[in-house]
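Subject: Structure for you to look over

Dear colleague,

I am passing on the structure below, together with an account of what turned up when I went through it. Please read the notes with the model open beside you.

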Amino acid sequence: MESTVTIARSVEEEGDIESGTEVRRRRRTRTLALAGIIGPLWFTTLVVLQGLLLPDYSHVKQPISALAAWPTGWIQNVNFYVAGVLTMAFGVALHHGVQPTRRGSAGVAFLVLGGLGLVWAGIFPWKMVDGVPTETAPHVIGAVTVFTATGLGFVVFSRRMMGDPRWRDLATYTMLTGIAILVLFVAVGFFAIDDGAPLHAWAGLLQRVLCAVWFTCLIVLALRLRAV
């Protein structure tokens, strides 16, 4: 009888320990989820602020990265660093907040790689050449990494979301967001950035549409992550 009671107490204590561990894990995940809200708001605020400080800069004509070419470009570099770290943190939060599946980490890996691309973009910014904001070759690598990895990350991760009843209703939206990011990035990269491109006069506007699609999805997923 005494041994039975002892075993029962041990099982109960183990359950309490597991329960406490789970509570702490959920709290960490909810905290990291804030990165998906803070990141887009932080990035957008600093971009708008720099536009106000630089009367020669055009949000419609020029890409966001061109802000780094001006004397206040360090602000945009810091913007990339912070946004990149927050993006990676949010990827980790999603990994812990959605039920794991076979090869389900691939989508998270892509999203984290997108965050690394943002940091890379800050390390290798645009330069002012003969009074003209100019994209550097290393920065191109960062831009391609950011948008390609993020788009693929949303598409791949949406398949993992399909396996979790708490996330299934957002899976299609996440997948379509990833596809939209990839399509818009191709449109900006091939038809807007270069001089003489047919959409060059609206390069900045198109890129901001891309970012709006991306950031909206991040915030939606972050709000769900904190709710579940």
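For two helices, an angle over 145 degrees between the axes, taken in their N-to-C directions, counts as roughly antiparallel. Please bear in mind throughout that this is a predicted model. The axes of helix α2 (residues 35-53) and helix α3 (residues 73-97) cross at roughly 170° and come within 8 Å, and α2 and α3 are therefore roughly antiparallel to each other. The crossing in which α2 passes α3 is left-handed. On the α2 side the contact is made by A35, G36, I38, G39, W42, F43, L46, V47, Q50 and L53, which meet I75, Q76, N79, F80, V82, A83, L86, A89 and F90 of α3. Sorted by class, this contact of α2 with α3 holds 14 nonpolar and 5 polar residues, with no charged residues.

From α5 the contact draws on A143, V144, F147, T148, T150, G151, L152, F154, V155, S158, M161 and M162, and from α6 on R168, L170, A171, T174, M175, T177, G178, I179, I181, L182 and F185. The contact of α5 with α6 divides into 15 nonpolar residues, 7 polar residues and 1 charged residue.

Turning to the aromatic side chains, a search of the whole structure gives 7 aromatic pairs. One of them is formed by F43 and F215, an edge-to-face pair with 5.8 Å centre to centre and 75° between the planes. Since F43 belongs to helix α2 and F215 to helix α7 (residues 203-227), this pair ties together parts that are 172 residues apart in sequence. Both F43 and F215 are buried. F215 also pairs with W214, here in a tilted arrangement with 5.2 Å centre to centre and 45° between the planes. W214 counts as buried because its relative accessibility is 3%, and F215 counts as buried at 12%.

For the chain as a whole, the secondary structure comes to 7 helices and 2 strands, and the order of the elements from the N terminus is α-α-α-α-β-β-α-α-α. The C-alpha trace spans about 90 × 30 × 25 Å along its principal axes. Of the 228 residues in the protein chain, 41% are buried. Among contacts between residues at least 6 apart in sequence, 74% join residues at least 24 apart.

With a relative accessibility of 40%, V129 counts as partly exposed. How far apart are the C-alpha atoms of V129 and G115? They are separated by 28 Å, although the two residues are 14 residues apart along the chain.

Methods: Residues numbered from 1 in each chain as written. Predicted model: local features only at pLDDT ≥ 70, side-chain atom pairs only at ≥ 80, totals over all residues. Heavy atoms only, no water. Axes fitted to C-alpha atoms, helices over the stretch in contact; angles between N-to-C directions. Helix = DSSP H or I, 4+ residues; strand = E, 2+ residues; numbered from the N terminus. Parallel < 35°, antiparallel > 145°, perpendicular 65-115°, else oblique. Left-handed = near helix turned anticlockwise from the far one by under 90°. Contact = heavy atoms within 4.5 Å. Nonpolar A, V, L, I, M, F, W, Y, C, P; charged D, E, K, R; others polar. Buried < 20%, exposed > 50% of the residue type's maximum accessible area, 1.4 Å probe, protein only. Phe/Tyr/Trp six-rings, centres within 6.5 Å; stacked < 30°, edge-to-face > 60°.
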